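Good morning. I will walk through one structure today, starting with the whole chain and then moving to single residues. Please have the picture open.

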Amino acid sequence: MDGEGGSQRRDSDPKRVLLALASRQPVASDAAAPAKRLRKASGLVALLAALGIGATVLAGAVAYQVARDSDAHFLSDQRESLRAAVVEFRALFGQADEVDPRFIRMVERSAGLKALKFETEAPADGREVQPVLDERGRIAGFFTWEETRPMAAALGRLLPFIVAVALLLIVFAAFSLRQLNRARRELAASEELVRRAADEDKITSLPNHAKTLELLDLALAERDGDNVTSFALIELDGMADVTAHLGVLGADELIVAVGRRIKETLPPQAICGRIAADEFAVTLSAGPDFGIETVLRGTLEAIARPHWIDKVVRVSAHAGFAQAPRDAQTRGELTRKAELALREAARKGPGSLVRFEAALEAASTDQKFIHRELPRALSAGDLELHYQPIVAANGGRVVGLEALLRWTHATRGPIAPAAFIPVAEQMGLMDALGAFVLRRALAEAKRWSDLYIAVNLSPLQVRDASIVDLVRATLAESAVPPSRLMLEITEGVLIDNPEEMIERIEDLHALGVRIALDDFGSGYSNLGYLQRFPLDKLKIDKSFVDALGRSANGGVIIQAIVALARALGLTVTVEGVETEQQRVLLRLAGCDEMQGFLFARPAPAKTIDRLLAQARGDTGKTLPAAAGALTA
Ligand code: C2E
Ligand code: MG
Ligand code: MG
């Protein structure tokens with residue numbers, strides 16, 4: 001029942017859908033485009049900066065060359081003008097060592113020179129000089145002047161500016177490159193994050209749903225020879241309660257610990273992924289003799305060992321697996337079959353491991369059929385109730401009737417409630433179905449005013465607080481005294497959320513109805529529940545009755561349970577009594593009431609009327625042993 005609830009969650013889990021969608025988005029490749037553009041941009045900036053600096057240096061070299069040539073021309077022009085001026089103004093010479101200063105100024109101006117001086121001796125520093133000849137043609141002295149290079153001077157003035165521009169360019173390029181590189185690094189880091197987000201589960205860092213499927217594809221493609229690829233799904237039990245108990249962070253911590261334990265139990269080549277909130281997947285390729293079942297059993301055992309999350313926490317899991325090529329060749333088939341095996345494992349209960357078998361496929365086809373037909377059956381009134389008498393152990397008097405849902409399909413015939421009730425739960429039809437059963441049972445209960453009516457409640461119904469209103473309303477409608485209604489709940493529902501369940505049972509009690517714990521001993525069998533929950537009755541499961549004939553201590557166990565139940569003020573009914581021998585032993589064990597084919601099979605209300613009338617005629621409502629044969 002838990003498992004069915006679990007599979008419903010799986011089917012509609014929005015996270016699954018999102019993960020599946022995410023797997024189709026090429027997130028990583030989209031994110032790579034800006035990184036490429038950034039790489040190009042920094043290359044371009046570096047190139048431009050190098051070109052700029054190169055152009056500046058080249059322009060400088062050209063300007064230097066041009067200035068040198070131009071200054072050389074200028075100097076030779078000056079020299080030429082000086083020579084001409086000296087010849088032109090020779091007449092103005094006085095004594096050789098006393099050249100008229102006017103003459104000097106005139107020559108200076110005419111030749112465009114600076115600081116022109118007449119010296120009788122040639123300067124020792126090798127400067128350029130212009131000899132001055134006297135009237136007789138002898139050297140009278142020398143003109144010296146300050147050499148000027150106007151272009152070089154101009155270039156000298158420009159140089160700081162050019163250097164500044166070049167430096168600015170270098171600084172700007174270096175800064176831009178640094179910024180671009182930093183952006184590129186940041187982008188690469190976020191690219192890595194995106195890639196990991198697309199492939200990795202955030203909490204456990206294991207491959208996520210999409211990546212797991214991708215890796216399974218790869219394993220299937222690479223499977224060679226006799227090798228077998230196993231795909232296993234591992235689902236944790238009752239994670240909702242664990243989360244309620246530990247909080248979200250604690251539950252995450254537990255999930256990480258579980259992921260680690262799974263990995264520890266697997267051989268190194270196995271791939272473990274987390275594919276849903278409480279579900280892991282294992283892909284493993286190995287030789288045909290590899291003991292995958294042993295490994296997975298070890299995995300389930302490892303998960304079930306206590307965990308320490310600030311306190312001791314226990315969590316169990318169940319698993320299902322399928323294998324290629326035995327069960328499937330393609331990924332789709334393999335995962336579907338592993339899922340079917342998982343559902344079967346969920347149905348079997350915590351700790352179970354199921355290998356896919358063809359029979360599971362048939363059961364799933366049945367489920368599909370029920371899925372399709374049940375809503376129609378409900379609205380068309382194809383469902384009805386049968387009643388099974390419950391008799392007093394002492395004397396065999398009928399004390400109550402258990403209402404049992406029956407569906408007879410036009411072509412398929414009778415369909416068992418154990419097959420269609422879980423589907424009704426999955427489909428959200430349980431409210432309607434539950435209301436139908438209560439209403440019909442209470443309406444028909446009027447026929448048997450001195451018997452109590454037992455009605456089964458599905459776990460889903462008990463979990464929903466509105467059950468209290470439904471019971472109140474149907475009791476009021478039918479005017480049946482609440483004390484005649486016995487509600488049967490199963491153990492599983494008590495485990496899920498004990499505090500809420502105690503409250504729920506108390507609310508139902510407050511209406512005046514009684515509560516029975518059905519199928520006691522079939523599942524979790526926790527005697528602690530008897531003390532913890534405000535129950536009125538214990539229904540011991542048929543499996544205990546079956547054990548009566550097989551083992552010597554079967555009777556002792558039932559005796560112990562009866563003694564405990566008595567001590568807690570509960571009455572005890574035993575289900576599934578089929579033989580006279582069982583009846584005698586159970587009576588000796590101290591049971592209060594019995595139910596089973598030995599007394600009567602479930603039957604429609606009219607048949608029950610007849611049966612009761614007959615019994616009344618015989619022994620005052622006492623059903624003779626083997627009355628079951630009458631109603632069969
Ligand atoms: P349950 O409540 O434990 O009902 C007893 C089941 O044992 C019934 O099966 C009944 O036919 C069967 N049974 C009774 N005596 C014997 C016997 O001597 N030998 C054997 N082999 N079986 C016996 P049924 O009617 O197939 O119902 C199966 C289960 O389906 C019920 O177990 C109950 O859990 C569920 N169910 C039936 N009707 C309803 C309903 O109206 N609502 C809900 N929520 N569950 C229902
Ligand atoms: Mg029952
Ligand atoms: Mg039962």
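What percentage of the 632 residues in the protein chain do buried residues make up? They make up 44%. Keep in mind that this is a predicted model.

For the overall layout, the chain has 22 helices and 20 strands. If we take contacts with a separation of 6 or more, 68% of them are between residues 24 or more positions apart.

Next, charged side chains. In general, side chains of opposite charge can pair when their charged atoms come close. Here the count is 34 salt bridges. I will go through some of them.

Start in helix H6, which covers residues 209-222. Lys 211 and Glu 214 form a salt bridge there, at 3.1 Å from N to O. The two are about one helical turn from each other, because they are 3 residues apart in that helix. Glu 214 is partly exposed, with 42% relative accessibility.

Asp 217 has a salt bridge with Arg 331, and the closest N and O atoms are 2.9 Å apart. Asp 217 is also in helix H6, while Arg 331 belongs to helix H9, residues 331-348, so this pair ties together parts that are 114 residues apart in sequence. Both ends count as partly exposed: Arg 331 is at 30% relative accessibility, and Asp 217 is at 35%.

Another pair is Glu 477 with Arg 439, again a salt bridge at 3.1 Å, N to O. It links distant parts of the chain, with Glu 477 in helix H14 (residues 467-478) and Arg 439 in helix H12, 38 residues apart. Arg 439 is partly exposed, at 38% relative accessibility. There is also a network of salt bridges, which links Glu 333, Arg 336, Lys 337 and Glu 361.

Now a charged residue without such a partner. Is Asp 518 buried or exposed? Asp 518 is buried, and it has no salt bridge. Lys 539 is the nearest side chain of opposite charge, and it is 4.5 Å away, whereas a salt bridge has to be within 4 Å. Asp 518 sits in strand E16, residues 514-520. Leaving aside neighbours within four places in sequence, its contacts include Glu 402, Asn 456, Glu 488 and Glu 575, as well as Lys 539.

On to the rings. How many aromatic pairs does a search of the whole structure find? It finds 3. One of them is edge-to-face, because the rings of Phe 118 and Phe 143 have their planes at 80°, with centres 5.8 Å apart. Phe 118 is in strand E1 (residues 114-119) and Phe 143 in strand E3 (residues 139-146), so the pair ties together parts 25 residues apart in sequence. Both are buried, Phe 118 at 17% relative accessibility and Phe 143 at 0%.

Tyr 387 and Trp 448 also pair edge-to-face, with ring centres 5.0 Å apart and planes at 65°. Tyr 387 is in strand E11, and Trp 448 is in the loop between helix H12 and strand E14, so parts 61 residues apart in sequence are tied together. Tyr 387 and Trp 448 are both buried.

Two arginines sit over rings. The charged end of Arg 601 is over Phe 597, 4.0 Å from the ring centre. Arg 514 lies over the face of Tyr 452, at 5.2 Å from the centre of that ring.

That is the end of the tour.

Key. Residues numbered from 1 in each chain as written. Chains lettered and ligands numbered in written order. Predicted model: local features only at pLDDT ≥ 70, side-chain atom pairs only at ≥ 80, totals over all residues. Heavy atoms only, no water. Helix = DSSP H or I, 4+ residues; strand = E, 2+ residues; numbered from the N terminus. Buried < 20%, exposed > 50% of the residue type's maximum accessible area, 1.4 Å probe, protein only. Lys, Arg positive; Asp, Glu negative; His and termini not counted. Contact = heavy atoms within 4.5 Å. Phe/Tyr/Trp six-rings, centres within 6.5 Å; stacked < 30°, edge-to-face > 60°. Lys NZ or Arg CZ within 6 Å of the ring centre and 35° of its normal.
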